Amino acid sequence: MLEILIGLLALAVGAGFIGSLSGLGGGVFIVPALVIFAHMPMQVAVGASLISVVATSAGASVAFVRDGWTNLKVAMVLECATVTGAVIGAYLAGIVPNVVLELLFAAMMLQSAYFTVTKRGDDILTKGDPLAVRLELAGEVPDLSGNLVHYEVVKVPQGGALMVVAGLMSGLLGIGSGALKVMAMDYIMHLPLKVSSATSNFMIGVTAGAGALVFLARGDVATTIASPVAIGVTAGALAGSRLLPHLRVESLRTVFVIILVLIAAEMGWRALSGI
């Protein structure tokens, strides 16, 4: 039993560490780690991952909210969409066959790899659309010299639609769907990238929490697995966040993309071969 717990902790620490360095979160890596290396059923891995995502998001969001990087108004508006999607996804996860979940996970890995490769700089707008102005979603972000730069927000309904998909994937697959959330806010709504990442990090915990409640109510969360996984992922994420400022993450991007593509290939192969 002790060996199993140590093994789970080691897997979780590694997943949290890589997830923190890549900016994709630990859930992206802990689910395949539990399925491929620990040979756990997909639903059990998803339930444990959702608990770990809540824990890591709560810890990492404190600094972003305190320092003003998180746009709480945008987060509150978009959470209506992501939580709706997460509850539906968590419900469907109990009835959707493993083969479908594994194929969906493989597709999400490829989407995350594409997002990592095509991530671009800020495109700050000085004029928002009427709905965003009415909801007062604009904000300010410091530039490289420390001066505050005002930014506006556009296309809230389109961003909300993609957030429903992000929530659905989070509830189905036990991941934070951070790549989809950042894509919605950065690409579609034109929030600055750092604001998008900080706001996404805050939203991930709320979204995963909604999905986790459905898993808990259904009895699909094994506490003996979820507890060491949550502790390990959180520890790995904290270690990664401390190391991150000292690394040239750009040079690691290729490694992360290769890992994501290999995970996608492994999960896709498992689904198609019926392992």
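Lys73 and Glu136 form a salt bridge, with their closest N and O atoms 3.4 Å apart. The term covers a side-chain nitrogen of Lys or Arg within 4 Å of a carboxyl oxygen of Asp or Glu. The pair links distant parts of the chain, 63 residues apart. Lys73 belongs to helix α4 (residues 72-93), while Glu136 sits in the loop between α6 (130-134) and β1 (139-142). The structure holds 1 salt bridge.

This is a predicted model: local features need pLDDT of at least 70, side-chain atom pairs count only at pLDDT 80 or more, and totals for chains, interfaces and linings use all residues. Residues are numbered from 1 along each chain as its sequence is written, and side-chain values use heavy atoms, with hydrogens and water left out.

Helices (H or I, at least four residues) and strands (E, at least two) are DSSP runs, numbered from the N terminus. Buried means under 20% relative accessible area, exposed over 50%, and partly exposed in between (1.4 Å probe, protein chains only).

| Residue | Relative accessible area | Class |
|---|---|---|
| Lys73 | 44% | partly exposed |
| Glu136 | 52% | exposed |
| Leu103 | 39% | partly exposed |
| Thr199 | 0% | buried |

Leu103 lies in helix α5. Together with Val99, Val100 and Leu272, Leu103 makes a nonpolar surface patch of about 340 Å². Patch residues have over 30% relative accessible area and no salt bridge; like charges are joined within 9 Å, nonpolar side chains (Val, Leu, Ile, Met, Phe, Trp, Tyr) within 5 Å. Areas come from the Shrake-Rupley method with a 1.4 Å probe; for residues, only the protein chains shown count as cover. Helix α5 (residues 98-118) gives the most to this patch, with 3 residues.

Helix α8 (residues 178-188) has 9 of its 11 residues buried, so it is largely enclosed by the rest of the structure. Among the buried residues are Leu180, Val182, Met183 and Met185, and also Lys181 and Asp186. His190 follows α8 and has a positive phi, near 65 degrees.

Thr199 is in helix α9 (residues 193-218). The side chain of Thr199 reaches the backbone oxygen of Val195 at 2.7 Å. An α-helix has 3.6 residues a turn, so residues three or four places apart point the same way.

The charged end of Arg218 sits over the ring of Phe215, 4.8 Å from the ring centre. Such a placement needs NZ of Lys or CZ of Arg within 6 Å of the ring centre and within 35 degrees of the ring normal.

Technical notes: A polar contact is a pair of N or O atoms within 3.5 Å; within protein, one must be able to donate a hydrogen and the other to accept it, and residues adjacent in sequence count only if both atoms are side-chain atoms.
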